[in-house]
Structure formats: structure tokens, C-alpha cells
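Dear colleague,

Please find below the structure that I am handing over to you, together with its sequence.

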Amino acid sequence: MTEHDTDIPRIFAAQKAEVVARRSTFDYQARQAALDRLRDKILAEEDAICAALMADFGKHRDEVMLTEIMPVLLELTHTRKHLRRWMRPKRAPSGLVLLGTSAKVRPTPKGVALIIAPWNFPFNLAVGPLVSALAAGCSVVLKPSEHTPATSRLIQRMMADIFPPDLVTVVTGGVETATELLEQPFDHIFFTGSPEVGQIVMAAASKTLATVTLELGGKSPVIVGPDADIKKAARWIAWGRLLNAGQTCVATDHVYVHNSLREAFLQALDAQITKMYGADAIQSQDLAQMAHAGQFSRVADLIADARAKGATVFRGGQVDEDRRKIAPTVLVDLRDDMDIQQSEIFGPVLPVMPYDALDDVIARINAAPHPLALYVFGGKALADEVLSRTTSGTFAVNLSVMVFVHPAAPFGGVGRSGNGGAHGHAGFAAFSHMRQDLRARVFPFHLAFPPYTKTTARLIALFKRIVQI
Ligand code: NAD
């Protein structure tokens, strides 16, 4: 096999054969060693990773460190620290039900996993799930996005440097490659991307009965309540919207601000954007580009459509096609028939809508697909009320985006924003099968086998009393 084999059935077959052969040897030590190799490689290639992301979409080095490299290193640190405990078989006491047996739940590798990654955090969202897959003992075929060629090529080279292809192979390519990959009978598919492609992935998985983790997107709303700390809210909301030029799955997509704070909030937002990116924010080196031309025109069209239908640009609105840059833009006077109100914005554009009654906001949130994140700025009473009356993949109060980086809480969507959890133990569990290992010691259940007699009926009655049914 060459370093960058492109024959997908052959890549899959080699991994399948090896995952079986490796079952008893890819133990705790071997997995730790693989994770160590990955950590050392990332540390050694930090400059190359930053350069690739600068080439792909003009992302500032500090933003690459904060949003691409650090999250993966944190994931590695957390996983290496807890892996022994996660791998340990857990006793499963049955109480009186199966008295005379012992059982354990053994996390076992699902087998060969496919990871399909998007372009928006092309390093983080490709290598982060790889950490979980290796921790779980799986082999991995990883397909990064075709829209970030420099980063994808770098990931391919880095993985080929440190892992044999029957443990990790990176396959580059677009839809055609992804489609061919999805025809292989993978044991688990971990997909991060849009809900539309998520549907295609799930349909493909249904043919082979692969399990799936779907990390999807959607519109994550923000509520700024009457008791919010306006400056803090504006700071977190502006950052959550403008980080990665808005191309973030847990971005603060749109804001419902209590009418009493509308003006003050808009002023605070303006001040925070200026503080972070300067008065002429489109020129800022700290503001990333739109990742590709299609992405640029989609977001520019959203602004144009909203304007044409009567939205007011409170701030921003400028676009620079040559540099694929869009100014941080705040829109007001919105209507539901505007495209921006219907689709995930995925750009540095923030619609701000005033509200009077919380009930109306909650009704709107509940009428839309369940969001990946739901953000509340305000006191505990407001937060608890919103939490108890809505559903979302994640929920956060008085901050944004950080739901993605929490090492010990599952990250994931619900319904149209995805299913299954990622990161930490949830990520490990996604790539593991929790295998039941049940062993008989003194277990006279054969007394209840046929032929059924009066004794059987008496035993059943006795059993019902014992287990208190
Ligand atoms: P996308 O769905 O277009 O592409 C993601 C991956 O799927 C790419 O590798 C692509 O090659 C592949 N793909 C595209 N079309 C395919 C097809 N027909 N069959 C099989 N594979 C196909 O997503 P994107 O535009 O790269 O990313 C943006 C989306 O991802 C947004 O909706 C965003 O919210 C979501 N997202 C979610 C998370 C999360 O963790 N939940 C993180 C980042 C992005």
C-alpha cells in the first residue's frame, strides 16, 4: 500500500483485517502510545497548522491556536488522563433478578470508523474525533473537507508520518469520494457537517447498519433578558458571532433582546465589535475570510435579500469579494420571510430582534428545529425558565461557544442539529460498543425451563414476590 492510497475498498479491507488482528493487542498502553504520538506531532507541527489555515482562510494564528489546536490538545490531555478508567470493565450488579451470575460491561472498539469532517474548523473537527476513535481502539478512515485543501493535505501528511495506514488513513476528496466511502460497511460513522448532508450519511448508514454520530448545525438563538449585564452579553454575543468570521456551528446566530434594552444593547454591540476588530472592521487582520467563494456569495446574498426586504443595517454591511471578506454586520427590522431568518447564517452577520413577552420567544424557538446551542443572558430565573420550556443540544448562560470545549460534558445536537455526543467520555463511548459479559456461577434458572408444571407457576409467583414486581 502506498502512503496515500486512493483505492477506497482496499483501504477499508486492510483496516478491517487489521482491526480484527489487533483486537487483543490494541490495549491501554498501545492506545496511550498512539495518543502520545498524535500529541507530539501536533506540538511539532503547530507552525505548519497555522500556515495551512492562513492559506485556506486567512485565519489569525492566535485564533488557530484557540479554536483549532488547543481544543484538540485539551481533548488529548483529558482523554489520556481518563482513558484507563473509561476502558475499565464496569461491574453491573443485577440485584436479585439474576442472582448467581456476575456481569460486566466492557467497552470494546466498534471496529473501523469513518470520520467525515467539514471545512469550518478543518483541523479541530477532523483530528478531535480521531482522538476519541483511537482512545476507543478503532481504526479510522478520515475524510477532511475538500474546501480547505492546505489543511486537508497537511492532516494527511501528519497522520501518514505517525500512523500505519491500517490504523489511520486520511482520504482527501469531495462528494464523490465521500459517497464511495459511505458505500463501505464501516462500523461507525462520525459525521460533522450540515443537516442536509447528515440525512445523506444516515441514509447510507442504514444500508450497512453502521451506527452514526451526527454533529450538525442550525440556528442557535440567543435571548438577552431584561436583567442581563448588557456589556457582558454584547461582548460574548459579538465574539460568538464573529469568531471564525461566523463560520461556527455553535455561533450566536440571532438575538432576541428585551425591548427595554434594545438601544443600549445595540450600542454595546457596536462598541464591542469596534473594540475587537476596529472601526473599519472588514480590514481587520483578526477577522477571518469566508472559507470559499460559494460561502462568500451565500452570506453576501443573505445580507442583500434582507436589505431588499426592508431590514436596516445597524452596522457593517460591506463586502469584499476579492478577499472573500464580509464586515461584521448587525441587522435590525427583520421579517420572517427574509432568507436570513430561515437558514443558518454561518457568516459574520447578526440579526437582532426586540421582544416584549418571553412566551413569544419560547414559542418561536419551539416552532423551529431544535438548535445545537441555546444561549441566555440574564439571571437564574430566566435561565431556568428557558431551560425547562425548550430543547436544544446544549444550553449556556452568560457566555457563548464554550459548550464546544467542555471536556467532561457531552457536546452534540438533538433532532435536526444532530445526534450522539462528542468529546471526552461521550466521544470515547461513541466509538465503543458497550459489550455485556454475563457469566453464570450458581444460577438454577433451568428450573423454569419446560415442561411447565405447577412448580413453574409457583416459582414464578415466588420470583415476583422476591423481585417486588
Ligand atoms: P457539509 O455538510 O457540506 O460537508 C461536510 C462534509 O461532508 C465534507 O467533508 C464534505 O465533503 C462531505 N459531503 C458533502 N456533500 C456530501 C454528500 N452528498 N455525501 C457525502 N458527503 C458529503 O458541511 P460544511 O459546509 O463543510 O460545514 C458546515 C456545516 O457543518 C454547518 O451546518 C455547521 O453548523 C455544521 N457544523 C457542525 C458542527 C458540530 O460540531 N455540530 C461543527 C462544525 C460544523
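The model is a predicted one: local features need pLDDT of at least 70, side-chain atom pairs count only at pLDDT 80 or more, and totals for chains, interfaces and linings use all residues. Residues are numbered from 1 along each chain as its sequence is written, and side-chain values use heavy atoms, with hydrogens and water left out.

**The ligand**

The ligand is surrounded by 27 residues, of which Ala117, Glu146, Ser194, Leu216 and Glu344 are the closest; a residue is counted here if one of its heavy atoms lies within 4 Å of the ligand. Polar contacts are pairs of N or O atoms within 3.5 Å; within protein, one must be able to donate a hydrogen and the other to accept it, and residues adjacent in sequence count only if both atoms are side-chain atoms. Oxygen atoms of the ligand lie 2.7 Å from a backbone N or O atom of Ala117, 2.6 Å from an N or O atom in the side chain of Glu146, and 2.5 Å from a polar side-chain atom of Glu344. Taken alone, the ligand exposes 850 Å², and the protein buries 89% of that (Shrake-Rupley method, 1.4 Å probe; for residues, only the protein chains shown count as cover). Two or more residues of the shell come from each of H7, strand S6 (188–192) and helix H8 (195–208). Helices (H or I, at least four residues) and strands (E, at least two) are DSSP runs, numbered from the N terminus.

**Helix H8**

Pro195, Gly198, Val201, Ala204 and Ala205 are the buried residues of H8 (buried means under 20% relative accessible area, exposed over 50%, partly exposed in between, with a 1.4 Å probe and protein chains only). Seen down the axis of H8, these buried residues fall within an arc of 165°, so they line one face of the helix; the arc is that of the directions from the helix axis to the C-beta atoms. They pack against H7, S6 and strand S7 (211–215), where contact means heavy atoms within 4.5 Å. Gln199, Ile200 and Lys207 are exposed on the other side of H8.

**Helix H1**

In H1 (residues 8–21), the buried residues are Ile8, Ile11, Phe12, Gln15 and Val19. Viewed down the axis of H1, they fall within an arc of 95° and so line one face of the helix. Their packing partners are strand S3 (112–116), strand S4 (139–143), strand S5 (168–170) and helix H7 (175–182). On the other side of H1, Val20 and Ala21 are exposed.

**Backbone details**

Most residues other than glycine have a negative phi, and most peptide bonds are trans. Phe346, which is not a glycine, has a positive phi of about 55°; Phe346 is buried, with a relative accessible area of 13%. Val401 also has a positive phi, near 70°, and counts as buried at 9% relative accessibility. Pro450 and Pro451 are joined by a cis peptide bond, with omega about 0°. Pro451 is placed in the loop between strand S18 (432–440) and helix H15 (454–466).

With kind regards

Note on methods. The expected span of a helix is 1.5 Å times one less than its number of residues.
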